[in-house]
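Reader: I would like to learn how to read the features of a model with several chains. Could you walk me through one?

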Amino acid sequence: MQLLVCGGTGCRASASATIVEKLNESLKAHQLTEEAQVVTTGCFGFCEKGPIVKVIPDNTFYTQVKPEDAEEIVAEHILKGRKVSRLLYENPENQEHIADSRHMGFYQKQMRIALRNCGVIDPENIDEYIGRDGYSALAQVVTDLTPEQAIAMVKQSGLRGRGGAGFPTGLKWEITSKFSSDQKYVVCNADEGDPGAFMDRSILEGDPNSIIEAMAICGYCIGATKGLVYIRAEYPLAIKRLEIAIAQAREYGLLGDNIFGSKFSFDMELRYGAGAFVCGEETALIASMEGKRGEPRVKPPFPAESGYMQKPTNVNNVETFANVPVIFLKGPEWYSSIGTEKSKGTKVFALAGKINNVGLIEVPMGITLREIIYEIGGGIKNGKKFKAVQTGGPSGGCLTEAHLDTPIDFDSLVAAGSMMGSGGMIVMDEDDCMVSIAKFYLEFIVEESCGKCTPCRIGNKRMLEILEKITQGKGNMEDLDHLRNLAYVIKDTSLCGLGQSSPNPVLSTLENFYDEYVAHVKDKRCFAKKCKALARYTIDPDVCTGCTICARNCPVEAITGEKREPHFIHQEICIHCGVCYQKCKFNAINVE
Amino acid sequence: MTKIKSLDDLRQKKQQLEQSMDIREKSDHPENLVQIKVAMATCGIASGARTVMNALVEKIKKENIPAVVTQTGCMGYCYAEPTVEVTKPGFDPVVFSYVDVKKAEEIVDKYILNNELIDGILPANYQTI
Amino acid sequence: METIKLTIDNRQVEVPKGTTILQAAHQAGINIPSLCYMNLPHLAQEHKPGSCRVCVVEIPGRKNLVPACATECADGMTVLSHSLRAINARRTVVELLLSDHPKDCLICPSSGNCELQKLSITMGIREINSVENAAMSTYRKDASPALNRNMDKCVMCRSCETVCNEIQTVGALSAVNRGFMSVVAPAFEQELTDSPCTFCGQCVAVCPTGALTAVDNTFHVIRALADPNKFVVVQTAPAVRAALGEEFGYPPGTSVTGKMTAALRSLGFDKVFDTDFAADLTIMEEGTELLDRITRYLDGDKSVRLPILTSCCPAWVNFFETNYPDMLDVPSTARSPQQMFGAIAKTYMAEKLGVKREDMVVVSVMPCLAKKYECQRDEFKVDGNPDVDYAITTRELAHLIKIGNIDFKTLKEEDFDRPMGESTGAGLIFGVTGGVIEAATRTAYELFTGKKLEKVDFHELRGMEGIRTASVNFDGTYIHIGIAHTLGNARKLLDGIRKGMYNFHAIEIMACPGGCIGGGGQPLHRGNSIVLKARMDSIYKEDFNKPIRKSHENPEIIKLYEDFLGKPLSEKSHKLLHTHYFSHPKK
């Protein structure tokens, strides 16, 4: 038998180390050290109910264990084989105790559809993909279904584009299928650009065949024989694995002429992107593939009508494609049973920031931020207080405590002032300055703007300048009005999605953290102590020994005081360089 | 490789593969192989998964253990890379976190050979369809 | 035609399907301001990148404002062009543009002609909301013999890029850099002189601000006029007289030949001559060359390169030197009228007037920027002294007249000086597309057939179509003629010839839309094709009223050959009136 004790940060903070000690003591006392061992594990991701002790092989799951419970667990469970029911997890719906972790709702919070094969199969071996029902969806589609029937199934499933905007995938396919042309294209957008988001890379690296299969299905539906994957050159492993998969699929005849003996032929190639964020926008992506400057153009015409080489083109993102084969394998009804009314299926998020379990998660639409952050993510690092979560990449918005229980899907995030984006999710705690956060994202946008339209090219630069001014303590209340106006106009008038969403971090922080802006502007204070220029250095007269080291090192002679007497910092001279703080050997200098 | 020409071809192929996959995944015959999967996506490789994989292959060879070491994609535990999943015949898969060469050897010595769990196990926190 | 009904600012409008909001609004008497939008109907080119966002309007129910220039009207649509939301957005966008624009309007070469300035005035912008010391995007200044680039003033409308790439297919200008530092520049931010630029100047003609401007030589001219030791002669190109009036408030298409001559004389030029004279001379040389080639070709000489290409247009010359280095022996070797004039002025004329070459200053007034480059080419200099000293544009002449305090409208009409002011209708029509070849045809016909040409108007050679072809009956022998204007059309024609698609005897090419009347040095018409048409009509009308309409009948030309040159293609002609071409490997 083994007793697994959670050694994650959250549980450790609530004395899991002592529990390990106590358990070992009890085992020794009962002379059970041969029969059972205590093992520290990684975070169970269930920090709200921590500390957790799990007994295997019977999978008993004890929650909120205290050191004094150790003896009871050993004496009752290990020695006598009786579960300690008061420590068992209680189902919040019916207050029943659940002993087996496999039946706990928490472990069904994550559901892997797009990532179904990642971490399961060897991505460089097509056989393993076929062994897990790979290419059966394609076989079914090209041999049994008409394109119209197949499109109807995708529509019925309710799948929406996972690239950000959430356009219904089936509808997109249908529109593209209606335009007649001698040549059409299926394009896979693998130009993942959100900082911190890497779900598309993971899918391409872990399950490249699913993309090939889905693109072929799409090709059949819209009447295209050619597929193109626009992939960042910075993803060498994904490129390699995709190339291997394409070669293997060709060898099996799963790409090429007359697939599965049908009249349908399909083949694909890779196109490399140089990593411009804006090339994730489909018209910019197409321009880049054509060898032109990667910048968006006015729509309409949409790519469905005139895309790559002016031919009808269907562009979907990697994660969208990864969902497609499942719709055919399990049926659209099954797929649409997952998620919310208007957002079906699951979404992959890249969970990052001040959170314990940084990683890729896949959850059904409709899950709450609280579940993601506290249950899957294991809570905030170092037991700090949650402040905000930024979704949707650099142009998403910051959501607060008030949004924690909102079920998240495409529409609810937009309603809350953010967006789904490609699924970045960055968690911030009380130490984060929201003005600096807005500034950080804007820096990225200014760097990545293509420069085509005025509001995005100049407007974002001007917003950044205002934020710089504010974080330097030079802002005034007029700047805030001006900032808000700029943000609204940029959102309202930019040419493409990048510009239209670029003010989101500013708007959402203005909305949710207006006090912080005012503190920066009026009181010249940064509560999170992130804005160096606003830091206020003072000397604690009770601690100061009058050693004079601060005064001697101050570059602007802002510190005065007699030897062996408490010193004093003259705020009007201080330039906030922080040298005194670093030099003081007695921790007498406070920073506010 | 032979071409897959029809739906039947694919089904046949799948059945063949399923049998071999079954051996790998679902068998409960103790004489069967130990399955070791190293998460080898960019995140894993960046944290040293390649070295770990090589160490495991060598260790298995040295100890003459009937095991197969394969690579796989991202399991999602990015905070704990490199991660290694070990499935002993008849047991649930166990995922070990922060695996380095030393820990890899420990996994083989303690868990695979002696059935002893070691620190740093990651509880599976998702279901896959 | 299917029509659509919509409401713009409470006005009902009915427009054909496919009409944009901008066009529909215009039809309803609502002028939505725009900046990057450029329509060149005569070239079938509508530039609507939808990027400046000045023309944004509100459509209730839509999430965002839409650009009127690039949004099609839909049935039942309601458009608000001056809602608070639209006005605020438009104003903010213009303020943003101004915040990254130098504020030296008072001394900007485009002051008064600047679309951004007009926007600022129309919208009554009195202050620009932006932080103190807001960053400006600044770039290296670039000067060339013909045009200057000051991209600090670029508003990224990209009109120049469309003209340079789509219409001219020159490919010298395209957007470089990203974000705030985006700008239009030659590849690798080369200097224009190192780029494939032909100096056609069409980018200058469409630039809404002072980013792309013409090199200004007015002060050189003023200084030469003031120098008592200099004998200053001036020549005026045919297209100038058809457009100069626009700068003084005359309607487009008003010919101001007499007033222009009077103004030049009043400015102090010692002799006021006419480039039309040199155009007639060009016809003598080029026409003879054409006849010679055709006759030899018809006699079975396989070494003859046909078709013969005209070579009057310096931008076109630059273009083929860069793009068709394998075809350098195809164009006529005849110099352009500007250079023929300079060569004759500084030899024959100078001798006649008793002026030393180095004391004579030849100024040319041209509708063109490439002429500024052409007159600096080494092959048109004698011991470093150029045949033509300064080329100024129509716009610069207007400035000179204003600087000279001349009330243009009240001037009494005067005539050119003789002998080099005598010209025919044939020389005059050089200013429009098809004119050179029509002039050549009038002369070649008579020389080839030995018969008198009764009907001198060749309507089949006229028009605004980009590429035109015609076959002219030379008394039983059909001469096949091709005409192209804009370099993009020239490229199409040349590529067709390379592939053996065409069988022409002669081709006329002009770099600018409509020929010289649409040159980069002309008063800015902002793509208004009505203006071009009016200038064209004015030239044909003046030709129609000329007593002599065939170059070889110009009495002063006949005299020039008798007294000085001998005959066309003589040794002296070759030395003074012909040239050769160089490939431009550096490009």
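Predicted model: local features only at pLDDT ≥ 70, side-chain atom pairs only at ≥ 80, totals over all residues.

Reader: Let us start with chain A. How many helices and strands does chain A have?

Author: Helices (H or I, at least four residues) and strands (E, at least two) are DSSP runs, numbered from the N terminus. Chain A has 23 helices and 20 strands. Its C-alpha trace spans about 95 × 75 × 40 Å along the principal axes.

Reader: What percentage of chain A is made up of buried residues?

Author: A residue is buried if 20 or more other C-beta atoms lie within 10 Å of its own, exposed if 12 or fewer, and partly exposed in between, with C-beta atoms placed from the backbone. In chain A, buried residues make up 58% of the 592 residues. For chain B, 41% of the 129 residues count as buried.

Reader: And which pattern does chain B follow along the sequence?

Author: Chain B has 4 helices and 6 strands, and they come in the pattern α-β-α-α-β-β-β-α-β-β.

Reader: How should I read contacts within a chain?

Author: Two residues are in contact if their C-beta atoms, placed from the backbone, lie within 7 Å. Among contacts in chain A between residues at least 6 apart in sequence, 70% join residues at least 24 apart. In chain B, residues 24 or more positions apart account for 64% of the contacts with a separation of 6 or more.

Reader: Now the interfaces. How many residues of chain B are in contact with chain A?

Author: The size of an interface is often given as the accessible area lost when the parts come together. Here we can count residues instead: 41 residues of chain B are in contact with 51 residues of chain A. On the chain B side, α1 (7–25), α2 (42–46), β2 (67–72), β5 (121–122) and β6 (127–128) each supply at least two residues. The largest share, 7 residues, comes from α1(B). By class, the chain B side divides into 22 nonpolar, 12 polar and 7 charged residues. For these classes, Ala, Val, Leu, Ile, Met, Phe, Trp, Tyr, Cys and Pro count as nonpolar, Asp, Glu, Lys and Arg as charged, and the others, Gly among them, as polar.

Reader: Which strand of chain A is joined to β6(B)?

Author: Two strands pair if DSSP finds at least two bridges between them. Strand β7 (residues 111–112) of chain A runs parallel to β6(B), with 2 bridges joining them. There, Met111(A) stands opposite Gln127(B).

Reader: What does chain C bring to its contact with chain A?

Author: Chain C gives 29 residues and chain A gives 27. Helix α2 (residues 84–99) of chain C contributes the largest share of the chain C side, 7 residues. That side has 15 nonpolar, 11 polar and 3 charged residues.

Reader: How do I read a sheet, then?

Author: Strands of a sheet pair through backbone hydrogen bonds, either parallel or antiparallel. Chain C has an open sheet of 4 strands in the order β14-β13-β16-β19, with parallel pairing. Its edges are β14 (271–274) and β19 (390–393) of chain C, each with a single partner strand, so one side of each is left without a neighbour in the sheet. Strand β13 (residues 231–236) of chain C pairs with β14(C) over 4 bridges, and Gln235(C) stands opposite Phe273(C).

Reader: Where is the antiparallel case?

Author: In chain C, 3 strands form an open sheet in the order β8-β9-β12, with antiparallel pairing. The edge strands are β8 (142–143) and β12 (212–214) of chain C.

Reader: Last, how do I describe two packed helices?

Author: Two packed helices are described by the angle between their axes and the distance between the axes. Axes are lines fitted to C-alpha atoms, for helices over the stretch in contact, and angles run from 0 to 180 degrees between N-to-C directions. Helix α7 (residues 169–178) of chain A packs with helix α9 (residues 208–222) of chain A at an angle of about 45 degrees, their axes 8 Å apart. That makes α7(A) oblique to α9(A); angles under 35 degrees count as roughly parallel, over 145 as roughly antiparallel, 65 to 115 as roughly perpendicular and the rest as oblique. Trp173(A), Thr176(A) and Ser177(A) in α7(A) meet Cys218(A), Cys221(A) and Ile222(A) in α9(A).

Note on methods
Residues numbered from 1 in each chain as written. Chains lettered and ligands numbered in written order.
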